[in-house]
Amino acid sequence: MKNTQSISKEVFLIFSFNDIKARFPQATLHNKVSTTKDIESIAFGKKYIWLPTDQLSDSEKLLIQLGNGSLQPEIDNRNHPWYPILFEHQPVQEPEWIRLLQVHFTRIIDSLQSEWLAEIQQMLPSVVDLFFLTEDHAVIVEKQDSANLPIEDLDGLFVALDMDFDCYSQLFVGPFHHPRHDFTTLWTSESTLFKNELKTKTTSKSMDLPKVVFSLFRNGFSEYISLFRTLYLDWFEEETETIIQSLWRNQGNASSTAKELFMHRNSLLYKIDKFQTLTRLNLKNMDDLLLCYLLIDQFTHQSN
């Protein structure tokens with residue numbers, strides 16, 4: 001008994017398949033269970049690690065951290081500055097507005113997580129932190145500046161990454177938030193939203209709020225109420241609400257809207273561009289306009 005306790009204290013945490021290879025060089029990763037008697041198959045996420053049984057002693061088996069009888073890929077994110085902000089209600093230190101990008105892998109990248117993260121860091125210079133939450137889900141934290149890519153460009157970038165890493169990913173591009181907010185609450189809403197959208201079997205490569213807003217408001221969005229109320233308070237002033245409501249009545253036509261509001265068309269376009277700089281929403285796009293209109297319609301009488 002004493003000997004077993006001594007051995008069990010040597011348990012090492014497993015963060016990736018590379019950690020297994022470092023301890024067991026003969027280990028290989030496969031999509032199915034081995035049918036060979038001299039090969040031990042241990043579930044590792046959605047795959048299986050094959051280990052030659054003649055190379056495993058009882059003490060070595062104890063060194064492997066087990067969960068429910070199988071290996072669980074465990075990722076330690078506590079050293080990332082944004083981990084306590086997203087999960088422990090810690091305040092944001094950066095002065096810039098922040099958006100969260102979530103990446104879900106339908107076909108995972110096994111031991112290439114570090115290389116994938118390095119590629120993202122190089123391609124998106126505004127990233128302030130990024131890490132894997134699980135083997136099939138990553139979060140990218142990006143500050144707002146002139147280098148931010150629109151969702152169309154991000155879509156193309158992730159298609160290229162999928163080809164390079166032989167995987168398939170889907171992306172959710174969150175809105176920019178003021179740093180004063182509780183990002184744990186925002187993260188909870190946005191991650192829940194993304195997971196629920198993935199359950200609909202959507203084939204969309206990239207998603208954002210304008211792309212999913214119709215289904216959200218149609219099916220109910222009570223679990224995201226704090227997220228949408230935060231956006232309403234951050235984005236809209238009385239004049240902006242008036243412009244958006246008029247644009248909606250005029251089906252996005254700027255000339256008709258300017259005439260209705262007794263405003264010069266160039267002045268209206270300036271205000272629309274100013275709103276786009278703040279929110280990265282283009283009111284000339286009907287999906288973006290719909291999102292804004294529905295937020296105003298829902299919250300304009302609750303702002304106090």
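## Ground rules

Since the model is predicted, local features need pLDDT of at least 70 and side-chain atom pairs count only at pLDDT 80 or more, while totals for chains, interfaces and linings use all residues. Residues are numbered from 1 along each chain as its sequence is written, and side-chain values use heavy atoms, with hydrogens and water left out.

## The chain as a whole

The chain holds 13 helices and 10 strands. Both come from DSSP runs numbered from the N terminus: helices are H or I with at least four residues, strands are E with at least two. Of its 304 residues, 45% count as buried. Buried here is under 20% relative accessible area, exposed is over 50%, and partly exposed is in between (1.4 Å probe, protein chains only).

As for contacts (heavy atoms within 4.5 Å), take the ones between residues at least 6 apart in sequence: 66% of them join residues at least 24 apart. The chain exposes about 16,200 Å², and carbon and sulfur atoms supply 49% of that. The areas come from the Shrake-Rupley method with a 1.4 Å probe; for residues, only the protein chains shown count as cover.

## Two nonpolar cores

A nonpolar core is a set of buried Ala, Val, Leu, Ile, Met, Phe, Trp, Tyr and Cys residues joined through side-chain atoms within 4.5 Å. The largest one has 51 residues, and those with the most contacts inside it are Trp82, Phe183, Phe228, Phe236 and Leu295. Helix H13 (residues 286-299) gives the most to this core, with 8 residues. There's also a second, separate core of 23 residues, which includes Val103, Trp116, Leu124 and Leu154.

Phe236 itself is found in the loop between helix H9 (225-235) and H10, and is buried, with a relative accessible area of 9%. The C-alpha atoms of Phe236 and Ile296 are separated by 8.1 Å, though the two residues are 60 apart along the chain.

Ile296 is in helix H13 and is buried at 0% relative accessible area. Leaving aside neighbours within four places in sequence, Ile296 is in contact with Tyr232, Phe236, Glu241, Ile244 and Gln245. C-alpha to C-alpha, Ile296 and Ile244 are 8.6 Å apart in space and 52 residues apart in sequence.

Leu291 is another residue found in H13, and at 0% relative accessibility it counts as buried. With neighbours within four places in sequence set aside, the contacts of Leu291 are Leu209, Pro210, Val213, Trp235 and Leu281.

## The largest pocket

The largest pocket has a volume of about 560 Å³. For the method: on a 1 Å grid over the protein atoms alone, a pocket is an open set of points where a 1.4 Å probe fits, with protein on both sides within 12 Å along at least five of seven lines, and lining residues have an atom within 4 Å of a point. Grid points are joined across faces, edges and corners, and the volume is the space filled by probe spheres set on the points.

Of the 24 lining residues, the closest to the pocket centre are Ile151, Asp208, Arg280, Leu281 and Asp288. The elements that give two or more residues to the lining are helix H6 (151-165), helix H8 (209-219), helix H12 (265-279) and H13. By class, the lining has 11 nonpolar, 6 polar and 7 charged residues. Nonpolar covers Ala, Val, Leu, Ile, Met, Phe, Trp, Tyr, Cys and Pro, charged covers Asp, Glu, Lys and Arg, and the others, Gly among them, are polar.

## Positive phi, and a serine

Most residues other than glycine have a negative phi. Arg280 is not a glycine, yet has a positive phi of about 65 degrees. Arg280 is in the loop between H12 and H13 and counts as partly exposed at 34% relative accessibility. Gln251 also has a positive phi, near 55 degrees. Gln251 is found in the loop between helix H10 (238-249) and H11, and is exposed, with a relative accessible area of 68%.

Ser256 is in helix H11 (residues 254-260) and is partly exposed, at 31%. The C-alpha atoms of Ser256 and Ser246, 10 residues apart along the chain, are separated by 8.8 Å.
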